[in-house]
Amino acid sequence: MKAVLDSSRKYGAAKRKNNFLYYIKRDGLLYFLLLLPMAYILIFKYAPIYGLVMAFQDYNIFEGIRGSEWVGLDVFRFIFEQDSFYRALKNTLVLNVLDLIAGFPAPILLAILLNEVRQAKLKKMTQTVLYLPHFLSWVIIGGMVYLMFSNGGMINNFLSSFGLEKIEFLSRKTPWLITYIAVGVWQNIGWGTIIYLAAITGINRELYEASDIDGCSRLRKMWHITLPGIKSTINILLILQIGRMVSIGFDRPFVMGNSLVSDYSDVISTFVYRVGISSGDFSQATAVGLFQSVVGLILLLSANFVAKKLGEDGIW
Amino acid sequence: MYKGIKKKAAILFSTVLLAVGVAGCGGAGNNNGETVSKGSNASEAGSGSPVTLTVEVFDRGIQGQPDLNNNTWTKYVNEKFGKPNNAIVKFVPVPRSQEVDKLNVLMAANEAPDISFTYDGNTVTRFAKSGGLYTLDELLEKHGQQLKSYLGEKVLSYGKYEGKQISIPGKRTLIAWNGMFIRKDWLDKLGMPVPTNRDELYNTLVAFRDKNPGNVDGVIPWATAASGMNYTFGNLIPSFWGPMSEEEFVTTTNWLKPGTKDAYKWLNKLYNEKLISPDFALDKTTKQADADVTNGKVGFYAANWDYPLSQKIREPLKQNAPDANYVAVDTFKNDEGKYLKEMYNENGIFSFIPKSSKNAELAIKYLNWMADPEVMYFLQFGEEGVNHKLVNGIPQGIAQTGENMQTSNLNMDYTLIVNGAELGDTEKNVRTYAAALAAGDQSYEKLAVDSYKINTTDGYTGFYYGVSNEASIKYGKTLGDMNKQMSDRLVVAKPAEFDALYDKLVTEYMDAGGQAVQDENIKNYRDVKAQSK
């Protein structure tokens, strides 16, 4: 009650203080702006949840959800009996963990380095060049990777012209894994810096000035001011990343994978594509998707829990 | 108090949003309803605003191809069939390499074209089993007499499921499947004969590698691409097979047939001796293999029996390596001295009408119209003087660009009820086919005739059970994908790891449904045999 009185006094429109129209009137434009994103979330994120019931049906594409037969957990049973599902799950986790280890610290490091670039023009240019790969489609990157790393590709031609042994980057498992991770880091490193750079801008300048007076070296400043300054940002991004551990984009493993490395490149998203779209078994695809979301949620909640226990800010 | 207001606001907003959403959906729904009712009215009345009949067409992504829905052929269809039937025939392009994927999505969304098709029989049966297709017996009886007599009982029987006609199979007039081709000019340069068995081929490939008779940069003795499209290993694998009973031959999965393992071991040896394209497994679209062949770097390759005739190979090859002379070759002899190879059954693509279609009657009328010899002739060969010239009664193609161009051999993507030329006897059909494709180039005509002859020698066709295999419907696509992966991995494997890998992969394959498919095949085979006794 007090809060309401306070706020209405503050804005000086005390007459219709309890009417909700009052808020519309006051912040109408803001609410209006909210409509579009809310519509997006409702239509594209909430409405499709209805489709999850397919996971518990023997879904018939012609009868639709209402006409299909309910089969309880049969679909899940069938999936959990398949070796290829476990392989896909394992690969998804392996690729994501490696991505996290290699890909998560990289933008932080780069952002700190960029922050140290004094010349504004050079900094802007470097940033732009580093962002660019983010806007390339994986299909194009896949083509570039093939041209560079295949057995007849640029790098191997270069190696063999010096009489060195060719490296089968794309057709043997471990080299493929390294190529896959490295290309991912290359694509995302620039884009990932944006948030960190923004966070760095928010650090109080006076801290740096004070440390200058105290005679801090650059490295000291990075370690004691910049990094702690963006710690909460790092935290939140890390928690979100962990929540995404079980889900993996489709394009990257699909485009970069090939039959020779399918023991590594077959992941959940390509599995879903294969059983759902290629074989037309929508029930199985939905069930795998549901499984993926549930595990993702559990991971997210536990990461958040751990972060809070360690005295950091969680995401809520 | 404050909280209450907030809550109310939230509720109101979400209701407004929901209303907007529902209105949006409703709007779309109404629109659909309108067009549908329009359509059905028109087809009943035969006048008024025209009906739109949608027909699938493959998009093969050929360089310089015309708009697939607006070219000489679609104009002819609309003029000759559309106008008299008060219909607009609209072609819906589907990427060739993902036809089943795209079809699954279209079917699930009830947006599949009135006439849809696929080469994958399992997919058709799966749709039929879920009740998603029209049964065509009555429609065919009523509106498809011309079509029925053209295709005949035998061809139509491939389109039946549980005794009902669920699809219209095209008639395949030329039944050769794979072919193998070797650079005759290279052989001549080396003074070597055309190989007639595996060992001779091996020696030839080694000579290609070591002596590089074409003097090209990066010679590829044997070119291939990732399994699954165009490029194959010819009939190499059947040539390794040992003796089997007929039942075994028909029902056993190829991976378990005696000899298959040795066949892959042989390929593995060749790959590790750098006789096969080094990056073939990465070449998922066959672009690399095509480029190697047409740049004159390749000594030997196996692909569809008519692959060298296709425009995308023939023309660039002529430009880049005018001396290249590929001849058809038969080189995989088995222990009995036979050149065993699989041929096609007499059926081509399966056309079907999804339940969501409002124009089933018109669709059958369309296919029936196509069986008219005059119509089929135009769609396959075009107009005399423009698209072909007649030499001794055989239409010879004239190279075309732009809207006259055919994006598939003899327009088979538009002429769904036929695959290959049909002018009486087989020899004439082959020559006509070659003449049409190779624009009257004599050497190609000879290549085609030779290739066809070779690739129908000692041929066998897949056993037709006449009943569907449930396991195959369920696991078919997965097993098909596994087949491709296994094949590639075995060829590229390190020789020391080959045996273990083969056994491991085959076990996985059998566990993933291979066993179930095989068991059902055996059961069906015995049923069929028991009935025929």
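**Exercise 1. Work out what share of the 316 residues in chain A is buried, and how spread out the chain is.**

Step 1. Buried residues account for 24% of the 316 residues in chain A, where buried takes 20 or more other C-beta atoms within 10 Å of a residue's own, exposed takes 12 or fewer, partly exposed is in between, and C-beta atoms are placed from the backbone. Before going on, note that this is a predicted model, in which local features need pLDDT of at least 70 and side-chain atom pairs count only at pLDDT 80 or more, while totals for chains, interfaces and linings use all residues. Residues are numbered from 1 along each chain as its sequence is written, and chains are lettered from A and ligands numbered from 1 in the order in which they are written.

Step 2. Chain A has 17 helices and 2 strands (DSSP runs numbered from the N terminus: H or I of at least four residues for helices, E of at least two for strands).

Step 3. Chain A has a radius of gyration of 26 Å, well over the 20 Å from the globule rule for 316 residues, so it is more spread out than a compact globule. The radius is taken over C-alpha atoms, and the rule is 2.2 Å times the number of residues to the power 0.38.

Step 4. Along the principal axes, the C-alpha atoms of chain A fill a box of roughly 75 × 65 × 35 Å.

Step 5. Take the contacts in chain A between residues at least 6 apart in sequence: 63% of them join residues at least 24 apart. A contact here means C-beta atoms, placed from the backbone, within 7 Å.

**Exercise 2. Describe how H13(A) packs on H17(A).**

Step 1. Helix H13 (residues 231-243) of chain A meets helix H17 (residues 282-309) of chain A at about 150°, with the axes 7 Å apart. Axes are lines fitted to C-alpha atoms, for helices over the stretch in contact, and angles run from 0 to 180 degrees between N-to-C directions.

Step 2. That makes the two helices, H13(A) and H17(A), roughly antiparallel (over 145 degrees; under 35 is roughly parallel, 65 to 115 roughly perpendicular, and the rest oblique).

Step 3. H13(A) brings A:Asn235, A:Ile239, A:Ile242 and A:Gly243 to the contact, while residues of H17(A) in it include A:Gly296 and A:Leu299.

Step 4. By class, that contact of H13(A) with H17(A) has 6 nonpolar, 4 polar and no charged residues. Ala, Val, Leu, Ile, Met, Phe, Trp, Tyr, Cys and Pro count as nonpolar, Asp, Glu, Lys and Arg as charged, and the others, Gly among them, as polar.

**Exercise 3. Now do likewise for H5(A) and H10(A).**

Step 1. H5(A) packs with helix H10 (residues 173-201) of chain A at about 50°, axes 10 Å apart. H5(A) and H10(A) are therefore oblique to each other.

Step 2. H5(A) supplies A:Leu98, A:Asp99, A:Ala102 and A:Gly103, and H10(A) supplies A:Ile181, A:Gly184, A:Val185 and A:Asn188.

Step 3. The contact of H5(A) with H10(A) splits into 4 nonpolar, 3 polar and 1 charged residues.

Step 4. A:Val97 also sits in helix H5 of chain A. Is A:Val97 buried or exposed? A:Val97 counts as exposed, because it has 12 C-beta neighbours inside 10 Å.

Definitions and conventions:
Two residues are in contact if their C-beta atoms, placed from the backbone, lie within 7 Å.
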